[in-house]
Amino acid sequence: MKAIVQNEYGTTDVLRLTDLPEPEAGPDGVVVQVRAAGVDPGVRHLMEGTPYLVRLMGFGVRRPKARVRGLDFAGIVHAVGENVTEFRPGDEVFGTCQGSFAEYALTTVDKLARKPGRLGFHEAAAVPISAFTALQALRDKGGITPRQKVLVIGAGGGVGGYAVQIAKAFGAEVDGVCSTGKVDLVRSLGADTVFDYTREDFTGGYDVILDTAGTRSLTSLRKCLTPLGTLVIVGGEGDGKWIGPVGRNLRALLLGPFVKHKLRGLFSTENREDLETLRALIEEGKLAPVIDRTYSLAEVPEAIRYAGEGHVRGKVVITV
Ligand SMILES: NC(=O)c1ccc[n+]([C@@H]2O[C@H](COP(=O)([O-])OP(=O)(O)OC[C@H]3O[C@@H](n4cnc5c(N)ncnc54)[C@H](OP(=O)(O)O)[C@@H]3O)[C@@H](O)[C@H]2O)c1
């Protein structure tokens, strides 16, 4: 099969379109014929091995343990292990794995769900990682409840675009922050008020702020929370090569015990239950991906470079 492979950490120059043997399902695995794969900042972090903390988290200290890049996918079940009863060859599925920038990918049933019927493969592939993150940030870390006032910073990006829709689905009042060119998009996703950060700043009164951009200080964000409000730090690309955006999480962790605000970091997790929750929201018409650009497998380096500029309108997708 064709796959995007890397043997060392580095820029997109380390990526090669190469022939590899197809993965085997083994007793518990599921091999999926990948039809489309999502691109998100995590792909670039794993390609570069930065922040270096990533390497210590089990992804390989000197070189990447998984040589094929790509985390989320949509496709067709090709083969299943003898212990797998939930899926059969031919099922249309979406989910996550290590190595979706390939014609075939190996995953397990706990990372897989049936593809939403409403979505094409390229749309379904844009969902898992970013929408898991939005869901877990709002529900598990933000403790979101109906009629709360929620602010999503980076509302026209991968995570933020889903967060606006999911917060709306939870019955919250949602404001979004984005650049000029995305104001109409964010409004169309359901935001009640949209702040163009190049022209104006948001003011206070938020029960939950979800920050995907990492461009503001904890102090300035806390000023915009209600007295018992919650700040969820999802992302941002700052603080250098060693710990990257985790630096803000550490500062929040240190400050947390001394303030009434809840300051929470997030490491999103991939699981089938949340994939089913997302599928249900999609089937109910409450959640839909926004696709900015699609690229072919050979164009993965270009896709990662474009996503790395940090201004994607929704999601970037690889079609295989
Ligand atoms: N914690 C986790 O488990 C987890 C999981 C997934 C992702 N992440 C992280 O979350 C972050 C967002 O991921 P993503 O996929 O949504 O990335 P993305 O699609 O690149 O979105 C980033 C957003 O930040 C916005 N932005 C940039 N400067 C801004 C500013 N000054 N004010 C407000 N917004 C600004 C951009 O909006 P404009 O284009 O409008 O400028 C863009 O929409 C990344 O750092 C990623 O690594 C964390």
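**Domains**

I started with how the chain is divided, keeping in mind that this is a predicted model. I found two domains: domain 1 takes in 2–127 + 289–319, and domain 2 covers 130–265. So domain 1 is listed as two stretches of the chain, while domain 2 is listed as one. Next I looked up how far apart they sit: their centres, taken over C-alpha atoms, are separated by 27 Å. Domain 1 puts 18 residues into the contact, and domain 2 puts in 20 residues.

**Where the domains touch**

I then wanted a size for that contact. The size of an interface is often given as the accessible area lost when the parts come together. For domain 1 and domain 2 I noted about 1400 Å² buried between them, with 55% of it on carbon and sulfur atoms.

Which element gives the largest share of the side of domain 1 that touches domain 2? I wrote down helix 1 (residues 41–48), which supplies three residues. Sorting that side of domain 1 by class, I got nine nonpolar, five polar and four charged residues.

How many salt bridges run between domain 1 and domain 2? My count was zero. Polar contacts are another story: I have 11 residue pairs down for the two domains, both residues at pLDDT 80 or more.

**Around the ligand**

Thr 215 has a polar side-chain atom 3.3 Å from a ligand nitrogen. Val 234 uses its backbone instead: an N or O atom there is 3.0 Å from a nitrogen atom of the ligand. For Ser 268, a backbone N or O atom lies 2.7 Å from an oxygen atom of the ligand.

**A salt bridge**

My salt bridge count came to 15. I picked one to follow, between the side chains of Glu 92 and Lys 115, at 3.7 Å from N to O. Glu 92 is in strand 5 (residues 92–96) and Lys 115 is in the loop between strand 7 (112–114) and helix 3 (121–124), so this pair ties together parts 23 residues apart in sequence.

Last, I checked two spots in the backbone. Is the peptide bond from Thr 50 to Pro 51 cis or trans? I have it as cis, with omega near -10 degrees. Pro 51 belongs to the loop between helix 1 and helix 2 (53–59).

Arg 147 is not a glycine, yet I noted a positive phi of about 70 degrees for it. I placed Arg 147 in the loop that runs between helix 4 (128–141) and strand 8 (149–153).

Terms used. Residues are numbered from 1 along each chain as its sequence is written. Side-chain values use heavy atoms; hydrogens and water are left out. Contact means heavy atoms within 4.5 Å. Buried area is the accessible area (1.4 Å probe) that two parts lose on being put together, summed over both. A salt bridge is a side-chain nitrogen of Lys or Arg within 4 Å of a carboxyl oxygen of Asp or Glu. A polar contact is a pair of N or O atoms within 3.5 Å; within protein, one must be able to donate a hydrogen and the other to accept it, and residues adjacent in sequence count only if both atoms are side-chain atoms. Helices (H or I, at least four residues) and strands (E, at least two) are DSSP runs, numbered from the N terminus. Ala, Val, Leu, Ile, Met, Phe, Trp, Tyr, Cys and Pro count as nonpolar, Asp, Glu, Lys and Arg as charged, and the others, Gly among them, as polar.
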